[in-house]
Amino acid sequence: MFKLVIDPQKESGYIHPEIQGHFSEHLGRCIYGGVYVGEDSDIPNTNGMRNDVVSALKELNLPVLRWPGGCFADEYHWKDGIGDKSKRKKMINTNWGGVVEDNSFGTHEYMELCRQLGCKTYINGNVGSGTVQEMSEWVEYMTFDGVSPMAELRKENGHEAPWTVDYFGVGNENWGCGGNMLPEYYADQFRRYQSYVKNYNPEKKISKIACGPNAQDYEWTETVLRQCHKLSGSWNNAHGFMDGISLHYYTLPYDWAKKGAATGFNEKEWYMTLSKTLFMEELVRKHSAIIDAFNPDGNIALIVDEWGTWYDVEEGTNPGFLYQQNTMRDALVAGINLNIFNKNCKRVKMANIAQLVNVLQAVILTEGDQMIKTPTYHAFNLYKYHQGGTLIDSHINSEMIGLEKEYMVPNLHESCSKDKDGKYHITLTNLSCSDSYEIETTLTGNNVASVKAQILAGKMDDKNTFDEPDNVTVKDFDGATTEGDKIRFTIPACSVMHLEVELV
Ligand code: AHR
């Protein structure tokens, strides 16, 4: 019997809905074919956005969407993507597959997508190959409500009112595809570029995100924080230079040379993958400790704006399109990461899984006019109840399992929150691909009035396909019994659960 102890009296922080954010890049079939098909497509759409995809994403309460990249952002010149579509520049997407980018999806289309999704906006600016003026004008174009050249241009292009930019990334992976900079150099660039990301509307402040480290590059975090954390004293920059610093970490079963297959993997690869994803816990803790040293007040956030699994691409697909299938293993990866973000919600205020549709650990896959929801989609659907909740102290007495010493993982992994109506939401993952476990949950000192539970379970490489779209899907779970402050149930192998609990 494994004991999950929850102390409803111990509230440990606000879970920003943005922790369940997404990332969409001009990469493969994420934007084109995935979310955007254009107004003239036979695929049912609203202003060019696929109706099936938008409606599936809305069900997740998708809180925020990062765009346009990624490495694509490091070469993106926003003026190429505005105005008459027939006159927009066509160019080669040098990062991703060498295909033609016709710029038919640009700023207006992104804002329209976010409007339809009802989500916050997160634009990533180009520090790698763009100018300060270009970045400054983009912000003016999107957010200035007055007389100015960029505001006039926006109006000429059919959008009278300014939009809201909630988050602005000042560069992407500037240690790599964003210019191969050294941290000292990037920190100076950040100070300069961010000065011109102006807050034209003091009521809708833009949160500025600095480019953070690649995984365990703690020196990058330390240097950028040291050089950039101080208050600037400028009128529009009450929180200083930065509101957040990003972190990118991908889960690869093996390494960058041989990543591993998305399907048809064995037990050894199952545990390797889950143990690699659990490394996120250490990354978040250590980077947070560096931020704590410079910013004890906690207002500089850690923004995990690229995470998820990265496998070898599906056979027969363009290697630059990063198209991969998605199995129960990915659902577990999602559950583990979302639990980690919840438990670190004092610092982690946004996270964006890579990527939205058809790329890497996507929640949705499309083929022509068909669409499927992946196991990762269903995991997000079980976790959505945490959005905007209060983290509640919880602990489970897990045991270490696995096949090799190097890749042992805890058998169980959890988090708990309380929503605004006073209901408790527990998410629990069973990392064993073979064993079920009996669980006794105690809500210390509080009698349980009711429990509703849902589960996503299957074999480790179960997936959804266009022929079998509902092979893996969420089901109601009626195996929980209650007694006083206890809930007892058996969690099946390889599963993700959500329990909604009301107390007396
Ligand atoms: O998500 C794919 C790529 O991974 C992004 O473009 C880049 O930022 C990262 O290296």
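The questions and answers that follow set values against cut-offs, one label at a time.

Q: Before we start, what kind of model is this?
A: This is a predicted model.

Q: How do you know that C71 and C177 form a disulfide?
A: Look at the two sulfur atoms: they lie 2.2 Å from each other. The cut-off for a disulfide is a pair of cysteine sulfur atoms within 2.5 Å, so the pair C71 and C177 qualifies. The structure holds one disulfide.

Q: What makes C71 and C177 a link between distant parts of the chain?
A: The two cysteines are 106 residues apart. C71 sits in the loop between β5 and β6, whereas C177 sits in the loop between β9 and α5.

Q: Is C71 called buried or exposed, and why?
A: C71 has a relative accessibility of 12%. Buried means under 20%, so C71 counts as buried.

Q: Why is C177 called partly exposed?
A: The relative accessible area of C177 is 30%. Partly exposed covers what lies between buried, under 20%, and exposed, over 50%, so C177 gets that label.

Q: What about C494 and its closest cysteine sulfur, in C433?
A: Here the distance is 7.2 Å, which is again too far for a bond.

Q: Why is strand β12 called largely enclosed?
A: Count its residues: nine of the nine, in positions 301–309, are buried, so the strand is largely enclosed by the rest of the structure.

Q: How do you know that β12 pairs with β11 and with β13?
A: Two strands pair if there are at least two bridges between them. Seven bridges join β11 to β12, and four join β12 to β13. Both pairings are parallel.

Q: What makes R347 buried?
A: R347, in the loop between α8 and β13, has 6% relative accessibility, so it counts as buried. The cut-off is under 20%. Its side chain reaches the backbone oxygen of N295 at 2.5 Å.

Conventions:
Residues are numbered from 1 along each chain as its sequence is written. This is a predicted model: local features need pLDDT of at least 70, side-chain atom pairs count only at pLDDT 80 or more; totals for chains, interfaces and linings use all residues. Side-chain values use heavy atoms; hydrogens and water are left out. Buried means under 20% relative accessible area, exposed over 50%, partly exposed in between (1.4 Å probe, protein chains only). A polar contact is a pair of N or O atoms within 3.5 Å; within protein, one must be able to donate a hydrogen and the other to accept it, and residues adjacent in sequence count only if both atoms are side-chain atoms.
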